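Have a look at the model first, then read the points in order.

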Amino acid sequence: MASYGKLEYWEDRYQKDSKENQQFDWLQRFSPPSGSTVLRDIIAQYVQENAQILIVGCGTSRLHEEMYDEGFQNITSIDSCYTAIKMCQEIYKDDYPNFVFRQMDVRNMAFKDGTFDCVIDKALLDAVVCSDGAAGNC
């Protein structure tokens, strides 16, 4: 489990996924196939569709896609993993040309204050807690 806090773990994981052209969602999807709407309902309760949204630690999750399909149009997704960002850029370039994916460490973001109305972290903090120096990184 301590590997979750290491960038090398994620690079390796997403390189394997990209060879198989597979996306992966940790925890729960925004619109899970089971019909459960828990995550969607929580986000819809607090976030306006026109909000500027930042998804941190996006990996190759479908969260941005499913949110966009539900009307949330202004989404920027970041991850420190180069392979995950490149994979998402490739997957979404044709059908979702407005998506913004950036390789970026959440501890040192290059956005101006007030850029986003909402920040969504679905599992990033869990991975950071597994890192060396977890308390300082959190």
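1. A word on pairing to begin with: two strands count as paired if DSSP finds at least two bridges between them. By that rule β2 and β3 pair in the parallel sense, over four bridges. Helices (H or I, at least four residues) and strands (E, at least two) are DSSP runs, numbered from the N terminus.

2. Please keep in mind that this is a predicted model, in which local features need pLDDT of at least 70, side-chain atom pairs count only at pLDDT 80 or more, and totals for chains, interfaces and linings use all residues. Residues are numbered from 1 along each chain as its sequence is written, and side-chain values use heavy atoms, with hydrogens and water left out.

3. How confident is the predictor? The pLDDT, its confidence in each residue from 0 to 100, averages 81 over the protein, and 70% of the residues score at least 70. Where pLDDT is low, the predicted coordinates should not be read in detail.

4. Now the overall layout. The protein has six helices and four strands, and along the sequence they follow the pattern α-α-β-α-β-α-β-β-α-α.

5. In what order do the four strands lie in the open sheet? The order is β3-β2-β1-β4, with parallel pairing. β3 and β4 stand at the edges with a single partner strand each, so one side of each has no neighbour in the sheet. On average, neighbouring strands are turned by 20° against each other, direction ignored.

6. Val56, for instance, has Ile78 in β2 as its bridge partner. Helix α4 (residues 82-92) packs on the sheet and touches β2 and β3, with its direction at about 160° to that of β3; axes are lines fitted to C-alpha atoms, for helices over the stretch in contact, and angles run from 0 to 180 degrees between N-to-C directions. Elsewhere, Asp79 stands opposite Gln103 in β3.

7. β2, α4 and β3 also make a right-handed β-α-β unit. Right-handed here means that, with the strands pointing away from the viewer, the path from the first strand over the helix to the second runs clockwise.

8. Not counting residues up to four places away in sequence, His64 touches residues including Ile55, Ile75, Cys88 and Phe101, where contact means heavy atoms within 4.5 Å.

9. Thr76, in strand β2, is buried too, at 11% relative accessibility. Leaving aside neighbours within four places in sequence, the contacts of Thr76 include Ile53, Val100, Phe111 and Phe116. In the protein as a whole, buried residues make up 39% of the 138 residues.

10. Finally, visit Arg107, in the loop between β3 (100-103) and β4 (118-121). Arg107 counts as exposed because its relative accessibility is 52%. A polar contact of 2.6 Å joins the side chains of Arg107 and Asp105. Such a contact is a pair of N or O atoms within 3.5 Å; within protein, one must be able to donate a hydrogen and the other to accept it, and residues adjacent in sequence count only if both atoms are side-chain atoms.

Methods. Buried means under 20% relative accessible area, exposed over 50%, partly exposed in between (1.4 Å probe, protein chains only). pLDDT is the predictor's confidence in each residue, from 0 to 100.
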